[in-house]
Amino acid sequence: MTTATRTLGDGLVVSSQGLGCMGMSEFYGSADEGEALATIGRALDLGITFLDTADMYGPFTNEQLVGRAIASRRDEVVLATKFGIVRSAEGGRIGISGNPDYVRSSCDASLQRLGVDVIDLYYQHRVDLAVPIEDTVGAMADLVQAGKVRHLGLSEASAETIRRAAAVHPIAAVQSEYSLFSRDIEQAVLPAMRELGIGLVAYSPLGRGFLTGAITSVDDLAPDDFRRSNPRFAQEALEANLRLVEAVRELAAGKDVTPGQLALAWVSAQSEDVVPIPGTKRRTYLEENAGAREIVLTAVDLARLEAAVPVDAVSGDRYPDMRTVER
């Protein structure tokens with residue numbers, strides 16, 4: 001079994017697997033609030049205490065949901081949220097902001113919605129190319145000084161931006177998509193993070209659900225599921241990607257685990273400074289994901305997995321518009 005905790009960056013201790021809460025409010029079809037609250041509670045019971053949300057999820061409602069879920073158990077939780085993707089109350093996307101005044105106002109709003117006095121890990125959700133990263137991180141550092149935030153993070157930032165940010169204030173973690181299906185950060189971003197002692201928080205470690213083996217067609221997705229517009233789910237790409245999933249499924253069967261558990265174990269096996277945060281809105285899937293913590297992969301297992309899903313083998317970009325992912 002992997003250790004129960006891992007340390008990110010400048011001493012942020014988190015559970016070895018986290019929980020992405022986004023889908024409890026938006027993007028992955030409808031959700032049941034009662035089940036979502038029960039899922040968060042069950043996560044804490046299982047020792048999955050690193051919870052991930054953002055102001056733009058909902059928009060704004062996911063932080064409120066997480067806040068209600070942890071109200072009586074705040075001391076157990078390492079709470080991460082994000083700012084920077086600006087949305088209207090109606091859900092429209094306005095843009096990306098790293099403006100220092102926006103950083104401060106966003107933090108205060110998140111604290112209020114979450115019902116907490118301090119955020120354990122505060123990320124810039126996307127890099128604002130119109131504002132020097134030094135200015136944005138400087139404002140984030142002020143939040144640490146004020147006692148509103150404990151640790152700082154970035155999401156989907158380039159190696160150069162990470163280096164510039166870390167020169168202003170220690171960065172505990174960078175959050176990026178990372179899985180057997182998404183390994184582009186290995187080229188430049190991960191080496192820069194390792195050089196600076198920054199941990200990786202891996203979102204979509206199940207390849208947006210592909211690696212669970214549960215998706216065989218876009219018809220398996222709800223009509224309002226955002227994956228329907230994702231290039232990897234377009235018909236030709238879908239067929240190619242499902243062939244990769246089948247290879248993972250065969251390897252998982254050989255170890256008597258599910259494909260999703262094997263995929264999560266692969267992410268965790270990459271390094272002690274990597275923490276996957278699979279998202280789910282149901283206790284059933286949470287418990288399956290939690291089981292991945294018990295899986296120990298040998299060098300042979302890892303080699304077989306990487307042969308089954310070679311780097312760059314996945315068809316389609318991971319977003320319809322990759323311009324917001326700074327590389």
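Buried denotes under 20% relative accessible area, exposed over 50%, and partly exposed the range in between (1.4 Å probe, protein chains only). Helices (H or I, at least four residues) and strands (E, at least two) are DSSP runs numbered from the N terminus. The model is predicted, so local features require pLDDT of at least 70 and side-chain atom pairs pLDDT 80 or more, while totals for chains, interfaces and linings use all residues. Residue numbers start from 1 along each chain as its sequence is written, and side-chain values use heavy atoms, with hydrogens and water left out.

In strand β1 (residues 5-8), R6 and L8 make up the covered face, whereas T5 and T7 lie on the uncovered one. Two strands pair if DSSP finds at least two bridges between them. The two pairings below are listed with their bridge counts.

| Strands | Sense | Bridges |
|---|---|---|
| β1 (residues 5-8) and β2 (residues 12-15) | antiparallel | four bridges |
| β5 (residues 78-83) and β8 (residues 119-124) | parallel | four bridges |

R6 has V14 of β2 as its bridge partner. The hairpin of β1 and β2 has three residues between the strands, and G9 in the turn shows a positive phi of about 50°. In the other pair, T81 is bridged to Y122 of β8.

T39 belongs to helix α1 (residues 33-45) and counts as buried because its relative accessibility is 0%. Beyond its neighbours within four places in sequence, T39 is in contact (heavy atoms within 4.5 Å) with M24, T280, K281, R282, R283 and L286.
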